[in-house]
Amino acid sequence: MKFLNMVLRSIVKHSVFPFAMQNGTKKYLFLRAPQRSFPYRTLILSPALKKQISSSPTEKLDLDGWKNVMRSGMQEEVSETSENEEDSILAATRELVEMWRLAGRMVPENISEEELKTLMECSTKSSKRKYLKYLAIKEKVKKASKVKQEKQKEAKKERLEKAKENDTGELKNTFLLQFWSKSMDKIYNWRTAQAMIFGQPLVFDMAYENYMSRREMENTVNQLMETEGWNRRAIDPFHLHFCNLKVDGLYHKEFAKRYGEAWNNLLMTVTEQSHTDVFPKDKLIYLTADSPNVMKTFEHDKIYIVGSMVDRQIKTGISLAHAKRLKLTTERLPLERYLKWESGAKNLTLDQMFRILLTLKDTGDWMEALKFVPKRKYEAFVDISLYSKHKTDTGRRTKVSEFSNSQEKVKPFAENSFRKQTQKK
């Protein structure tokens, strides 16, 4: 038996062990049941391989770095696909515009990428047609104005040439000196600079970007630019404040586009803060057409707020709700008292509202201030003399009635006192 065991051991050593050492494990010596394999982050090496690798330095696999690389690649692919999609949509809209031009519809000759993006945002065909018609009319007006300016320049050159030809050497009249535009601009800038220090503030609330379309916001910017011009040319201007104006927002981009380099040189206050953070609440009055309180007089120690919003659909109650949310006092202009209103909402543009407030500040006369309301909205002015006469008559009647009532109360008291005196005697 001992001899047989020795033989078997020698056979196993010479036949099976070399094959197992070549594969690096001894698992081929014994039969094992199949086991479930689990994923691991580390690598398990056999003893033979460990001996071979022990001489070389260990290299660790940075899984977090690998994940970041893969994610950045995915983001680049997504951005590339999104850019390609936008380019394809822009190209499709350009083709649509060209097709409509060939069909004979009103389409502008030159259209920018911003205008194409706004055209893409239009949901229906009719809205797209209206927007393209608006751009075509705008382009025609610009061309006509350029032609007109060129004609005026040519006429001015002809006049100067004729004056040089007809020059007889006579002295010009220098009794009334001419005011040049530069000197007038200096005077206007000096007044507005003084108003920024000593003038009454007037706030335009710019917190209505989300309630307007692109076209409505362009109209709002036009009206605000007109108000800035009227304020600059006024004798006693306001100190204008544009509150809640977000940097790089839609309003800011439109102003920077229209004004250009002059935007940073305007003499007014532009801030992202709310008017409640800049001024005390007890001095603020929010002017809105939906307010139940009627404005009686212009108060010079108060700060009036105008919501800078143009709504063609006339969304009522937005500015009133905003003022109530901030717990501010609200007022509206007394249009019913002074004007026979015909039809439509009692909403005015921003430049009309500004000119009314400016006239009230200078004169305090409602009849003079409300002349800036468009005449298509009312029939005529109410006769204030009759209203004031009726008011004085009613006041006199009340005073006479109060005096008669007081006399009736005094009579019995006087009679009683006279009786007491006679009884004592």
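Ile197 lies in helix 6 (residues 181–198); helices (H or I, at least four residues) and strands (E, at least two) are DSSP runs numbered from the N terminus. This is a predicted model, in which local features need pLDDT of at least 70 and side-chain atom pairs count only at pLDDT 80 or more, while totals for chains, interfaces and linings use all residues. Residues are numbered from 1 along each chain as its sequence is written, and side-chain values use heavy atoms, with hydrogens and water left out.

**Overall make-up**

- The protein has 14 helices and 8 strands.
- Of its 425 residues, 28% count as buried (buried is under 20% relative accessible area, exposed over 50%, partly exposed in between, with a 1.4 Å probe and protein chains only).
- The protein exposes about 32,300 Å², of which carbon and sulfur atoms supply 55%; accessible areas come from the Shrake-Rupley method with a 1.4 Å probe, and for residues only the protein chains shown count as cover.
- Among contacts (heavy atoms within 4.5 Å) with a separation of 6 or more, 76% are between residues 24 or more positions apart.

- Ile197 is exposed, its relative accessible area being 63%.
- Met196, Ile197, Phe198 and Leu267 make a nonpolar surface patch of about 430 Å².
- Patches are made of residues with over 30% relative accessible area and no salt bridge; like charges are joined within 9 Å, and nonpolar side chains (Val, Leu, Ile, Met, Phe, Trp, Tyr) within 5 Å.

- An open sheet is formed by 6 strands in the order 3-2-1-5-4-6, with parallel pairing (two strands pair if DSSP finds at least two bridges between them).
- Its edge strands, strand 3 (269–270) and strand 6 (329–331), each pair on one side only.
- Strand 1 (residues 201–205) and strand 2 (residues 239–243) run parallel and are joined by 5 bridges.
- Val203 has His241 in strand 2 as its bridge partner.

**Helix 8**

- Tyr251, His252, Glu254, Phe255 and Tyr259 are the buried residues of helix 8 (residues 250–259).
- They cover an arc of only 165 degrees around the axis, so they are on the same side of helix 8; the arc is that of the directions from the helix axis to the C-beta atoms.
- These buried residues pack against helix 7 (214–232) and strand 2.
- Lys253 and Lys257 are exposed on the other side of helix 8.
- Gly260 follows helix 8 and has a positive phi, near 75 degrees.

**Salt bridges**

- The count comes to 9 salt bridges, each defined as a side-chain nitrogen of Lys or Arg within 4 Å of a carboxyl oxygen of Asp or Glu.
- Arg232 forms a salt bridge with Glu228, with the closest N and O atoms 3.9 Å apart.
- Both Arg232 and Glu228 lie in helix 7, 4 residues apart, about one turn of the helix.
- Arg232 is partly exposed at 23% relative accessible area, whereas Glu228 counts as buried at 12%.
- A network of salt bridges links Asp185, Glu228 and Arg232.
- In the salt bridge of Asp236 with Lys361, the closest N and O atoms are 3.7 Å apart.
- That pair links distant parts of the chain, 125 residues apart: Asp236 is in the loop between helix 7 and strand 2, and Lys361 is in helix 12 (residues 350–362).
- Asp236 is partly exposed at 38%, while Lys361 counts as buried at 10% relative accessibility.
- Glu336 forms a salt bridge with Arg332, with the closest N and O atoms 3.2 Å apart.
- Glu336 counts as partly exposed at 42% relative accessibility, and Arg332 counts as buried at 19%.
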